[in-house]
Amino acid sequence: MLISIVVPCFNEEEIVRRFHEHVTEELGSLGHPVELVYVDDGSKDGTLAILQEIAKSDHRARYVSFSRNFGKEAAMLAGLRNASGDAVVIMDADLQHPPELVRRMVALHEQGFDQVIARRTRKGDRVTRTLTARAYYRLINRLVDVELVDGVGDFRMLSRRSVDAVLELTEYNRFSKGLFAWVGFSTVTFEYENAVREEGRSKWTFSKLLNYGLDGLISFNDKPLRIALYLGLLLVAVAMAYSTWIVGVALVNGVETPGFVTLLVAVTALAGVQMLMIGVIGEYVGRIYYEVKRRPHFLVKATNVEPAPVAPAHL
Ligand code: UDP
Ligand code: MG
């Protein structure tokens, strides 16, 4: 059983060599052959040069280097496409995903599980991030159809057939956490203690997290559109009740001119709701716009994978 390790790397020059040493040392005694698929996501530092050196000295290492930064989702996709293993592990380059856990994953995989997920605790995270994450997952699981779990990320082992299933999903806006959950198959989760990043810094800024959260919400369902519809219906009902009442009052008491405040509140509130709903529709239209363009998810600048990775499918 060949095991592929897919590693997205973006500006990881400080740690990628150590990562490679650590992983190969750890997995040397695994009893299964291992290949490493490094994806350089358009790093601006020396990551690519280091990957090339690693590939030169270790025949198990492959690399694919992007023409620019396309994001971790694209990097993982490239890694999965170029992994030839019977089981594939996706791992961060920053050693936050302990390589020793791969052994456990292999054992569980051999018991017949298609997806072995390592779920991290939130130890060492800022309290604010922990709390927002908790609130977010509570909300999102009400809305989306697949189950998303806090702490479950991309660190997992996939069987060949689940990798193939994920590769069938060719959408441009990729939300891997949801895609993995969507393909299903037998899944098992175990927990591990979160390790704090040793070198370099996290690429997640607050706005990136916010956008990621929105992606999760929007790219997996059309419930926000449904909510817009219900909210619209509710507002129509309120407006009808209110206008019936106000016309009734006008008929009985005659027209009283005061009402400026009511008018202003109604106009601004309704305008706000409308803008919000247009925004929701806009989100979906924007996604359609990107999907119909059928642009490749990434462009490759350099690689040692032979034959060269096929051009992304234009389906
Ligand atoms: N990464 C990537 N492209 C990006 C951002 C990140 O390939 O645009 C890689 C990064 O090199 C690392 C992994 O994705 O291997 C996770 O990134 P990071 O450690 O910054 O995220 P965190 O661990 O804070 O979630
Ligand atoms: Mg990290």
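**Reading the model**

A: Start with Ser57, which lies in helix α2 (residues 47-57). Helices are DSSP runs of H or I, at least four residues, numbered from the N terminus. This is a predicted model: local features need pLDDT of at least 70, side-chain atom pairs count only at pLDDT 80 or more, and totals for chains, interfaces and linings use all residues. Residues are numbered from 1 along each chain as its sequence is written, and chains are lettered from A and ligands numbered from 1 in the order in which they are written.

Q: Is Ser57 buried or exposed?
A: Count C-beta atoms, placed from the backbone, within 10 Å: 20 or more others is buried, 12 or fewer exposed, in between partly exposed. Ser57 has 9 such neighbours, so Ser57 is exposed.

Q: Which residues of α6 and α7 meet?
A: Contact means C-beta atoms within 7 Å. Ser162, Ala165 and Val166 in α6 meet Leu179, Phe180 and Val183 in α7.

Q: Which residues touch the most other members of the largest nonpolar core?
A: A nonpolar core is a set of buried Ala, Val, Leu, Ile, Met, Phe, Trp, Tyr and Cys residues joined through C-beta atoms within 7 Å. Here the largest has 57 residues; Ile5, Val6, Val7, Tyr38, Val88 and Val89 touch the most other members. Helix α3 (residues 72-82) gives this core its largest share, six residues.

Q: What does Val6 touch?
A: Not counting residues up to four places away in sequence, Val6 touches residues including Val37, Met76 and Leu80.

Definitions and conventions. Contact = placed C-beta atoms within 7 Å. Helix = DSSP H or I, 4+ residues; strand = E, 2+ residues; numbered from the N terminus.
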